[in-house]
Amino acid sequence: MNDATSDVDDKYKTLLESTRAIPWKINWETMQFSYIGPQIEELLGWPQDSWLTANDWIERIHPEDREYTMNFCISQSNDGVDPAADYRALKADGSFTWIRDVVHVIRENGETTALVGFIFDISERKKMEDELLTLNKKLEALSLQDGLTGVANRRLFDQTLKAEWFRALRSRQPISLVVLDIDHFKQYNDQYGHTRGDDCLIRVADALNKIPLRSTDLFARFGGEEFVFLLPGAERQSALEIAEKCRNTVINLAIPHAASPTANIVTISAGVHSLPPSPEIEPASLFEGADRMLYQAKEHGRNRVACS
């Protein structure tokens with residue numbers, strides 16, 4: 001490095017080097033460092049005298065951050081605008097740490113002549129931001145998950161129905177819905193208690209959630225003992241097959257239900273509705289149609305599927 005203190009007044013040098021912020025200065029014409037604080041070695045592990053030119057700075061930026069950071073800082077500096085950039089800097093041990101570079105552009109007669117700035121260690125801040133982002137994602141996921149059964153909840157169903165409805169409008173594809181309900185669930189709770197009732201819901205949801213579906217399909221708990229399968233692009237027959245598979249899956253669980261007038265085990269009834277979306281009808285009409293079929297299945301003896 002050139003004489004490290006040639007462009008730094010001695011009366012400020014001690015002050016600058018005692019701060020956590022790392023001062024530096026670059027000659028814009030030569031692109032050489034006039035000065036960089038000795039604190040840089042503590043932060044990144046690179047000796048103070050290894051910072052000779054702007055290339056040393058560029059090469060020590062994470063490859064994924066390098067092009068944007070370099071182009072942003074150079075273009076801003078050329079225009080006389082003070083840039084600030086957050087990026088991952090390469091440490092001497094091969095690891096990376098987050099830093100913030102705050103730059104002031106020095107201009108004479110309208111031309112950039114030098115850059116001075118401070119480097120700040122923001123690794124702890126970034127760590128906290130990442131932890132907060134992870135927590136927010138977890139909270140968002142929990143807000144779309146049924147608290148008892150762990151499957152998707154009503155909120156996610158409503159969001160997905162709206163999105164898939166308008167997608168089906170554009171693609172002119174049908175959309176199907178299966179609405180199913182555990183038969184005589186009130187009597188189950190009365191007979192066995194609400195704790196066993198919760199266990200029953202969990203077992204039924206877990207079994208239904210394991211039925212193979214396409215990536216675009218959604219299984220969710222609608223509320224109480226009611227569940228739904230949203231099947232974008234599925235024709236009536238495919239949805240009917242899913243509903244029958246659900247009914248048989250629950251039968252195979254063989255959960256005792258001594259209070260059921262339908263069978264001595266837990267069963268379900270299901271309603272299926274398929275339609276091609278159109279601008280004249282609302283997404284809610286899909287659920288209304290499937291719910292009518294569910295009512296019909298119950299009226300005809302339960303433990304069965306009705307379809308329209």
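## Aromatic pairs

Trp24, Phe33 and Trp51 are joined into a cluster by ring pairs. A pair here means rings of Phe, Tyr or Trp (its six-membered ring) with centres within 6.5 Å; planes under 30 degrees apart are stacked, over 60 edge-to-face, and the rest tilted. This is a predicted model: local features need pLDDT of at least 70, side-chain atom pairs count only at pLDDT 80 or more, and totals for chains, interfaces and linings use all residues. Residues are numbered from 1 along each chain as its sequence is written, and side-chain values use heavy atoms, with hydrogens and water left out.

The structure holds 11 aromatic pairs. One of them, Phe118 with Phe120, is tilted, at 6.4 Å centre to centre and 40° between the planes. Phe118 is partly exposed, at 33% relative accessible area. Phe120 is partly exposed too, at 34%. (Buried is under 20% relative accessible area, exposed over 50%, partly exposed in between, with a 1.4 Å probe and protein chains only.)

## Charges over rings

Arg60 lies over the face of Trp46, 4.1 Å from the ring centre. Lys126 places its charged end over the ring of Trp98, 4.3 Å from the centre. The criterion is NZ of Lys or CZ of Arg within 6 Å of the ring centre and within 35 degrees of the ring normal.

Strands are DSSP runs of E, at least two residues, numbered from the N terminus. Strand β1 (residues 22–27) pairs antiparallel with β2 over 4 bridges; pairing takes at least two DSSP bridges. Ile26 stands opposite Phe33 in β2. The hairpin has 4 residues between its strands, and Met31 in the turn has a positive phi of about 55°.

Strand β2 (residues 32–36) is mostly covered, with 4 of its 5 residues buried.
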